[in-house]
Amino acid sequence: KQWYQRRVAITAGIRPFYKLILGKPITLDDMAEFDIETYNSLKWVIDNDPEDLCLTFSAQEDKLGEMVETPLIPNGENIEVTNFNKMGYIKDYINWKFVNRITDQVRSFKDGFNDVIPLRSLAVSQNPKAI
């Protein structure tokens, strides 16, 4: 029983990483496993009108003590998030937070992993309902 519980605990947090390795898109639900605060904020944007928040298609992050704004799309810092475009904003934000920032690291991991276990064997054996 302990082995099973430990296995479930370990695998629960790696589904988004597994999806990255296989080239599958990361969804908002995947985000909940890594960053519940951001997940809840983006869920709020989906369920409400985001215009009062004055969001733009950009993200703020702390880089060595300095807040840096990164556009999610070209000229994103000048494009307001509205009810009309909020799903695009959420998709772009998730892509920035969990894909674009770690592309090089994921590529290196995939290359090394593929040397030991061919990625195509993972893609063939995956359970579509599990991902």
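Predicted model: local features only at pLDDT ≥ 70, side-chain atom pairs only at ≥ 80, totals over all residues.

Reader: How many aromatic pairs does the structure hold?

Author: There are three aromatic pairs in the structure. One of them is tyrosine 89 with tyrosine 93, a tilted pair at 6.0 Å centre to centre with 40 degrees between the planes.

Reader: Where do tyrosine 89 and tyrosine 93 sit in helix H5, and how many residues apart are they?

Author: Helix H5 covers residues 86–98, and the two tyrosines are four residues apart in it, so about one helical turn separates them.

Reader: Are tyrosine 89 and tyrosine 93 buried or exposed?

Author: Both tyrosine 89 and tyrosine 93 are buried. For tyrosine 93, the relative accessible area is 12%, and under 20% counts as buried.

Reader: OK, and what about tyrosine 93 and tryptophan 96?

Author: Their ring centres are 5.4 Å apart and the planes are at 55 degrees, so that pair is tilted. Tyrosine 93 and tryptophan 96 are three residues apart in helix H5, so again about one helical turn lies between them. Tryptophan 96 is buried too, at 7% relative accessibility.

Reader: Switching to charges: which residues form the negative surface patch?

Author: That patch is made of Asp49, Glu51, Asp52 and Glu80.

Reader: Where does aspartate 49 lie?

Author: Aspartate 49 is in the loop between helix H4 (36–47) and strand S1 (58–63). At 38% relative accessibility, aspartate 49 counts as partly exposed.

Note on methods:
Residues numbered from 1 in each chain as written. Heavy atoms only, no water. Phe/Tyr/Trp six-rings, centres within 6.5 Å; stacked < 30°, edge-to-face > 60°. Buried < 20%, exposed > 50% of the residue type's maximum accessible area, 1.4 Å probe, protein only. Patch = residues over 30% accessible without salt bridge, like charges linked within 9 Å, V, L, I, M, F, W, Y side chains within 5 Å. Areas by Shrake-Rupley, 256 points an atom, 1.4 Å probe, with all protein chains shown as cover. Salt bridge = Lys/Arg side-chain N within 4 Å of Asp/Glu carboxyl O. Lys, Arg positive; Asp, Glu negative; His and termini not counted. Charge placed at Lys NZ, Arg CZ, Asp CG, Glu CD.
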